[in-house]
There are 2 protein chains.
Amino acid sequence: MAKNFTTRAENYSQWYNDIVKKADLAENSAVRGCMVIKPYGYAIWEKMQGALDKMFKDTGHVNAYFPLFIPKSFLSREAAHVEGFAKECAVITHYRLKNAADGSGVIVDPDAKLEEELIVRPTSETIIWNTYKNWIQSYRDLPILCNQWANVVRWEMRTRLFLRTAEFLWQEGHTAHATEIEAQQEAEKMLNVYADFAEKFMAMPVIKGVKSPNERFAGAVDTLCIEALMQDGKALQAGTSHFLGQNFAKAFDVKFLNKENQLEYVWASSWGVSTRLIGALIMTHSDDNGLVLPPQIAPIQVVIVPVYRNEEQLNEISVKVNILVQKLKNRGISVKYDDDDSKRSGWKFNEYEVKGVPVRVAIGPRDLENNEAEVVRRDTLEKQTLSFDTLDEHIVNLLDEIQNNLFQRSLEFRNANIRKADTWDEFMSILDNEGGFVLAHWDGTTETEEKIKELAKATIRCIPYNNPLEDGKCICTGKPSNQRVLFARAY
Amino acid sequence: MAKNFTTRAENYSQWYNDIVKKADLAENSAVRGCMVIKPYGYAIWEKMQGALDKMFKDTGHVNAYFPLFIPKSFLSREAAHVEGFAKECAVITHYRLKNAADGSGVIVDPDAKLEEELIVRPTSETIIWNTYKNWIQSYRDLPILCNQWANVVRWEMRTRLFLRTAEFLWQEGHTAHATEIEAQQEAEKMLNVYADFAEKFMAMPVIKGVKSPNERFAGAVDTLCIEALMQDGKALQAGTSHFLGQNFAKAFDVKFLNKENQLEYVWASSWGVSTRLIGALIMTHSDDNGLVLPPQIAPIQVVIVPVYRNEEQLNEISVKVNILVQKLKNRGISVKYDDDDSKRSGWKFNEYEVKGVPVRVAIGPRDLENNEAEVVRRDTLEKQTLSFDTLDEHIVNLLDEIQNNLFQRSLEFRNANIRKADTWDEFMSILDNEGGFVLAHWDGTTETEEKIKELAKATIRCIPYNNPLEDGKCICTGKPSNQRVLFARAY
C-alpha cells in the first residue's frame with residue numbers, strides 16, 4: 001500500500017517524523033522547541049497517565065501541585081543541581097507589558113522588573129524541599145509520598161517531537177523519609193513500578209540498572225534507570241528514579257526529630273517519566289505502515305468499519321454492529337464504530353492502520369449473509385474471517401495475544417542485540433555495524449567514560465541489576481575491571 | 001468543640017483562611033502569589049477534573065496540549081485581548097543562567113537574551129488560533145472541539161488561596177466552527193455543562209447569564225457566565241464561556257472554504273473553569289466546624305473510626321468493619337477505615353469533621369455487642385445509631401440525602417438573598433446591610449456601570465437568562481431601562 005511513508009531502512013529519523021505527523025500525534029509550535037500534542041497523541045498520554053497514576057496510588061502515593069516558578073536563589077542552593085540545570089533555564093525577569101510610547105505595539109515594562117528572577121521549573125526538587133521544610137518536624141510527619149503531574153521546561157537547543165522538547169509533560173515523585181534505607185527502597189520500588197509499566201502496558205522490555213556517577217541526576221547520590229532498545233539499535237532512557245541522600249534536606253535545612261529525640265536531616269528520593277515515553281513507544285513497535293500500539297495503551301482498541309453500497313446495507317450492518325459494540329464495551333474494551341458517510345472504507349482501513357489501532361473489524365453485505373466479519377490484527381497484519389457469534393470473545397483474546405506478541409517480539413529483538421565486546425575494535429565494530437547494547441569492561445573512571453563517549457559516541461546506559469562480577473580489562477584503557485557495564489549509542 | 005476556628009460571624013475572611021489551612025487544602029509558597037495545592041486539596045481538584053472531563057468527552061470534546069509560552073507579538077494581534085492581559089504577564093527574556101565572574105552565585109547570562117520575549121500563557125486563545133490556522137482548510141475540518149487541562153499565570157497583585165492566585169490550574173476549551181450559530185450554541189452548551197457540574201456535583205446553585213460589555217472577556221463578542229452566592233453575601237463568578245465571533249480567526253488569519261467553495265473566517269468559542277471552584281466550594285457549604293464537602297466531590301465519602309481499649313477489641317471491630325468496607329466499595333463509595341494506632345478516636349473525629357468528610361461511622365465494643373454503629377452526617381452533625389446489617393444501604397441513601405440537602409440549603413440561602421432595589425438608597429442599603437444579589441435597573445451604559453462600581457463597590461454580575469422585560473429607571477442616573485440586571489459585590 002502506498003502510504004507515502006519513508007521506510008525505516010531508508011531513513012529511520014524521517015520515518016519517525018512521518019509517524020508522528022501522519023498518525024496525528026504532535027507537531028512543532030510557533031515557539032521554538034515547544035510542541036503541540038494533538039488529540040490522538042494526547043489520548044495516548046492520558047492512557048499512560050491513567051495506568052501510572054493508579055500504580056502510584058496503589059503504592060501509597062498522593063498527588064499534589066507545586067509552583068511553576070522557582071526563585072533563582074533556590075536553584076543555587078544545591079551545587080550539583082544548579083550546575084546541571086543552569087544552562088537550560090527559561091528566566092522570567094518582568095511581570096508586565098505596556099504600550100510602546102511610539103504606538104508600535106507592546107513592550108516589556110522596564111518598571112516591572114522582578115527583584116529576583118524566577119526560573120520556569122526544569123524539575124521541582126528545590127521548590128518542593130523548601131515547602132517540605134514546613135511540613136516536617138518529627139518522624140511522625142514522615143514519610144511524605146507526593147507526586148505531581150506537571151509541565152517542565154529545559155531549554156534544549158536541538159529538539160525532536162516527544163524525545164527532546166523544551167517544554168514537556170511529566171510526573172515527578174518527591175518523597176521524604178526518616179531513614180536512608182527507606183529512601184533507597186522507595187527509589188527502587190518506583191523503578192520497579194516504571195519497569196512494570198513499561199513492560200506490561202507499553203509492551204516495551206527494559207533493563208533496570210544504576211547510572212555511572214557521570215550520568216547521575218544533578219543532585220542525586222544514586223540514579224536508577226530503565227533502558228529500552230529502539231528498532232534502530234539506539235538505546236533510550238525511559239525513566240529514572242533517584243536516591244537523593246540528604247542533599248536537598250541539607251540545602252534547604254530540613255531536619256526532623258527522630259524517635260530518639262535527636263535532630264536529623266531528612267532522606268529523599270525523586271523519580272519521573274515524561275511524554276518522552278510516547279517517542280519510545282513509537283520506536284519500539286511501529287512499522288513501515290505506521291504506528292503500532294499495544295492494546296493496553298491504545299485510545300481505540302478496536303475499530304469497526306462497515307463496507308456497504310447503499311443506506312439499506314449500512315442500516316443492516318449497523319444493527320448487527322451495535323450489538324457487538326455493546327458487548328465489547330461491557331468487557332471494558334474501547335471500541336469505535338466508524339460509520340462516517342463522507343469517507344470510503346479503504347480510506348478508513350488505511351487511516352486506522354497508520355494510527356496503530358490494534359484490531360480492525362470490517363463487515364460487508366456478504367459477511368452479514370454468512371454471519372461473519374473480517375478481523376485484522378495490526379501487529380502482524382494477519383486477516384481472519386470469523387463467526388459473528390463469538391467475535392467479542394475472540395477479540396478479547398486477540399487483544400491479549402497482540403499485547404503479548406508485541407512484548408515478545410521486542411524482547412527477542414532486544415535480547416538479540418545485547419553483545420559482548422572485549423576489545424576496542426570489537427566494541428566499535430558492533431556499534432558501527434550492528435548497534436544495540438554492548439556489554440564491555442570499563443575501568444570505572446569518569447575520565448575513561450568521557451573518552452569513550454567522545455571517541456565512540458556511546459555512553460554507559462547503566463550497570464544492570466544483578467550484574468555478574470567478572471575479571472577483565474577496560475576496552476579503552478586496558479586497566480583492570482571487575483564487571484562489564486552496558487554501553488550504547490542513545491537518544 | 002474547641003477547634004481554634006475563627007467563626008464566620010467573627011471574621012469571614014479569616015474563617016476562610018483557617019479552613020484552607022486546617023483542612024490541609026493549600027498554602028502560600030515562597031513564590032509570591034503561587035500556591036502549593038496540598039494532597040487533600042488536590043484530591044478535591046482531581047474529583048472535579050474527573051467529573052468535568054467526562055462531561056466534556058460526553059459532549060464530543062477531546063483533550064490536547066498547547067505550549068506554555070506565547071510569543072509577545074501573538075498577544076498583540078487581537079487589540080482587546082492584549083489590553084486585557086498585558087498588565088499581568090510573566091515575561092521570559094533569557095534562556096540561560098551562568099556563574100557570576102566574582103563567584104557570588106548564578107546570574108542571568110546576558111548573552112542568552114531571547115530575540116522576542118515569551119509570555120507565560122495567561123490564557124491560550126492566541127497560541128491555539130495560530131495552531132488552528134494549519135489545521136483548518138475546509139468546512140470538512142470543522143468543528144474542532146479541543147480542551148486542555150493546564151496551568152496559567154496572571155500576575156495578580158492581591159492574591160488569596162484558590163480565589164485569586166498568580167498561577168492557577170484550569171481547563172480551557174477552544175472550539176472552531178463553520179457558522180456563527182454553531183459557535184454560539186457551543187458557548188451556551190458549555191455554560192450549561194458548567195451549571196450542571198456546579199449544581200449536581202458541587203451542590204452549588206448558580207445563575208446563568210450574559211456579562212455586560214464592560215465585564216466581557218478580553219477579545220470576546222459575548223461572555224456567558226455562571227454566578228454563585230457565597231455565605232457572606234458576596235457573589236463569585238464560577239465559570240465563563242465566550243462566543244468569540246471571528247475575532248481570533250481574523251487576528252490569526254484563519255479561513256476555511258465553506259460548502260459554497262468560498263473563503264470565510266472561522267467562528268470560535270472558548271470556555272474555562274479553574275481551581276477557583278475550590279474556593280467557591282468552601283464558601284458555599286462550610287461551617288464554623290470546618291470544611292463541608294458534598295459527597296460527589298469528596299475524596300473520602302465515608303470514614304470509619306474504631307473506638308477500642310485494647311488490641312483484641314480492635315481486631316473484633318476490624319473483622320466487622322472490613323466486611324462493611326468491601327460492601328461500600330462494591331457500591332462505588334470511597335471509604336477509609338482509619339485504624340491508625342497512634343491517634344485517639346476523638347482526635348480523628350475532629351480531624352474528619354474539619355476535613356468535611358460527609359459521613360463518619362464509629363464502632364466501639366458496645367456497638368459490636370448490639371450489632372450497631374454510630375453514624376454522623378457532616379452537613380447537619382446529626383447522630384444516629386443504626387443496625388450494622390443494613391448500614392451499607394443506609395449510607396448509600398444518606399450520601400444522596402446529604403448531596404441534596406447541601407444543594408437545597410444553598411439554593412434557599414441564595415434565593416432568599418436576591419432582592420430588588422428601585423432607588424439608589426435601597427440599593428446601597430441592601431448591599432451594606434444584607435448583601436446578596438440585587439436586581440436593579442441600569443441605563444445600559446458602561447459609564448454608569450463604572451460609576452456604580454466606584455460608588456457602591458458592586459458590579460453587574462450578569463443579565464440573567466430569561467430575564468423578564470420591565471420598564472423602569474436606572475438606580476444611578478434615573479434614565480429609562482427595560483430590564484433589571486443582577487448586581488453584587490463579588491470575589
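How many residues does the contact take from chain A and from chain B? Chain A puts in 49 residues and chain B puts in 49 residues, where contact means that C-beta atoms, placed from the backbone, lie within 7 Å. Keep in mind that this is a predicted model: local features need pLDDT of at least 70, side-chain atom pairs count only at pLDDT 80 or more, and totals for chains, interfaces and linings use all residues. Residues are numbered from 1 along each chain as its sequence is written, while chains are lettered from A and ligands numbered from 1 in the order in which they are written.

**View 1. The side of chain A that touches chain B.** Strand β5 (residues 91-94) of chain A gives the most here, with four residues. (Strands are DSSP runs of E, at least two residues, and helices are runs of H or I, at least four, numbered from the N terminus.) This side of chain A splits into 32 nonpolar, nine polar and eight charged residues. Asp, Glu, Lys and Arg count as charged, Ala, Val, Leu, Ile, Met, Phe, Trp, Tyr, Cys and Pro as nonpolar, and the others, Gly among them, as polar.

**View 2. Strand meets strand.** β5(A) and β5 (residues 91-94) of chain B run antiparallel, joined by three bridges; strands pair if DSSP finds at least two bridges between them. Look for A:Ile92, whose bridge partner is B:Ile92.

**View 3. Two helices in chain A.** Helices α9 (residues 311-330) and α12 (residues 391-416) of chain A pack at about 45°, axes 9 Å apart. Axes are lines fitted to C-alpha atoms over the stretch in contact, and angles run from 0 to 180 degrees between N-to-C directions. A:Leu324, A:Lys327 and A:Leu328 in α9(A) meet A:Leu391, A:Asp392 and A:Ile395 in α12(A). That makes four nonpolar, no polar and two charged residues.

Methods:
Two residues are in contact if their C-beta atoms, placed from the backbone, lie within 7 Å.
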